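This report looks at one helix and at the aromatic rings in and around it. Keep the sequence and the 3D view open while reading.

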Amino acid sequence: MLQAALSRWEELATTRVIQRVGALPDPRERLRQLLALAFEQGAHGRIEVALVAGASVDPRIQPVLARVSQRRIDYVTKLYVALGLSARAARRWALQAYSTYVGLLHLSIASPEALGTSRARAEYVQHVVRTLIPV
């Protein structure tokens with residue numbers, strides 16, 4: 001049952017998100033949409049934080065988390081390359097974007113009041129998205 005749940009989470013929180021933004025023709029818009037979707041996640045984010053916590057208890061979770069993280073970072077790296085960055089620079093930008101995502105997930109659960117109202121959070125998400133897209 002755990003493997004089925006992990007597969008379902010991977011499908012919904014990664015595969016379908018990549019498919020959804022992948023349909024957009026402009027790489028800048030794909031990146032913008034991807035970041036906005038990732039930073040605005042509700043239930044998927046809570047599940048992801050729970051999985052990270054569960055990985056220390058159940059060794060079957062860690063390989064799935066590693067695979068999903070790598071797939072996400074690789075996809076974001078490709079988007080940055082499509083914007084004209086070198087592979088090395090694109091990887092750094094992708095790691096920055098992904099670590100920002102992970103940090104925001106943690107913050108939204110550990111200290112949700114830090115993000116303020118839903119409007120303040122939405123404004124912050126817009127700010128973060130703007131900072132993660134090179135000019």
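## Terms and model

A residue is called buried when its relative accessible area is under 20%, exposed when it is over 50%, and partly exposed in between (1.4 Å probe, protein chains only). The model is predicted: local features need pLDDT of at least 70, side-chain atom pairs count only at pLDDT 80 or more, and totals for chains, interfaces and linings use all residues. Residues are numbered from 1 along each chain as its sequence is written, and side-chain values use heavy atoms, leaving out hydrogens and water.

## Helix H5

Helices are DSSP runs (H or I, at least four residues), numbered from the N terminus. H5 covers residues 87–110, which is 24 residues. From first C-alpha to last, H5 reaches 34 Å, close to the expected 34 Å; the expected span is 1.5 Å times one less than the number of residues.

Among the buried residues of H5 are Ala94, Tyr98, Tyr101 and Leu105.

## Aromatic pairs

Rings of Phe, Tyr and Trp (its six-membered ring) pair if their centres lie within 6.5 Å; planes under 30 degrees apart count as stacked, over 60 as edge-to-face, and the rest as tilted. The structure holds 3 such pairs. One of them joins Tyr80 and Trp93, tilted, at 5.6 Å centre to centre and 45 degrees between the planes. This pair links distant parts of the chain, with Tyr80 in helix H4 (residues 61–82) and Trp93 in helix H5, 13 residues apart. Tyr80 is buried at 0% relative accessible area, while Trp93 is partly exposed at 25%.

Tyr98 and Tyr101 have ring centres 5.5 Å apart and planes at 40 degrees, so this pair is tilted too. Both lie in H5, 3 residues apart, or about one helical turn. Tyr98 is buried at 13%, and Tyr101 is buried at 5%.

Technical notes
Helices (H or I, at least four residues) and strands (E, at least two) are DSSP runs, numbered from the N terminus.
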